[in-house]
Amino acid sequence: MSQLVKEPTHHRLNIAFKSLGPYLREEKYNDGVYLFDCLAVCIDDKQSPEQREFWGWWMALKFDNNLFEASYATGRFDLEGKWVDETPEEVVMEEVIRTREVFHEKLVKMLRDKFSCDVKIVEPLVETK
């Protein structure tokens, strides 16, 4: 039995994005832009949890005419809970890229399967969140 493709409404997208895991930052949405991030590598796990910083990535996803545009950035999640646009050392960067690629594959598959929408990676996101 074939599955009907549903219209990608805000509510349906929200449910679908939440199914991808803990990446969605629903409280930081603004005007049709969905925000995601991933704390991929702890910088110093000897620190207490509230004093830890992380290397990772964040992404803004815009939707327009059945096409999603993804802008990714890499950096450090600081003690204030903000992303800082910095480049980690190579061994850490490999893990950050791996987690981003795994997420992106899941995102693309889900949007194609559920909504028949494509995802295009556009210019890197440079503003901090």
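Visitor: How many aromatic pairs does the count come to?
Guide: This is a predicted model. Rings pair if their centres lie within 6.5 Å. By this rule the count is 12 aromatic pairs.

Visitor: Is the pair of Trp-57 and Tyr-72 stacked, tilted or edge-to-face?
Guide: The two ring centres lie 5.7 Å apart, with 65 degrees between the planes. Planes over 60 degrees apart set the class. The Trp-57 and Tyr-72 pair is therefore edge-to-face.

Visitor: Which strands hold Trp-57 and Tyr-72?
Guide: The pair links distant parts of the chain, 15 residues apart. Trp-57 is in strand S2 (residues 54-64), and Tyr-72 is in strand S3 (residues 67-77).

Visitor: Is Tyr-72 buried or exposed?
Guide: Buried means under 20% relative accessible area. Tyr-72 has 8%, so Tyr-72 is buried.

Visitor: Which residue has its charged end over the ring of Tyr-72?
Guide: Tyr-72 also belongs to a ring cluster, with Phe-17 and Phe-103 among its members. The charged end over the Tyr-72 ring sits 5.7 Å from the ring centre. That end belongs to Arg-100.

Visitor: Why does the salt bridge of Arg-25 with Asp-37 tie together separate parts?
Guide: The closest N and O atoms of Arg-25 and Asp-37 are 2.6 Å apart. Arg-25 lies in the loop between helix H1 (10-18) and strand S1 (33-42), and Asp-37 lies in strand S1. The pair therefore joins parts whose separation in sequence is 12 residues.

Visitor: Which helix holds both Asp-113 and Lys-109?
Guide: Their side chains meet in a salt bridge at 2.6 Å, N to O. The two residues are 4 apart, about one turn of the helix. Both lie in helix H2 (residues 90-115).

How values were computed. Residues numbered from 1 in each chain as written. Predicted model: local features only at pLDDT ≥ 70, side-chain atom pairs only at ≥ 80, totals over all residues. Heavy atoms only, no water. Phe/Tyr/Trp six-rings, centres within 6.5 Å; stacked < 30°, edge-to-face > 60°. Buried < 20%, exposed > 50% of the residue type's maximum accessible area, 1.4 Å probe, protein only. Lys NZ or Arg CZ within 6 Å of the ring centre and 35° of its normal. Salt bridge = Lys/Arg side-chain N within 4 Å of Asp/Glu carboxyl O.
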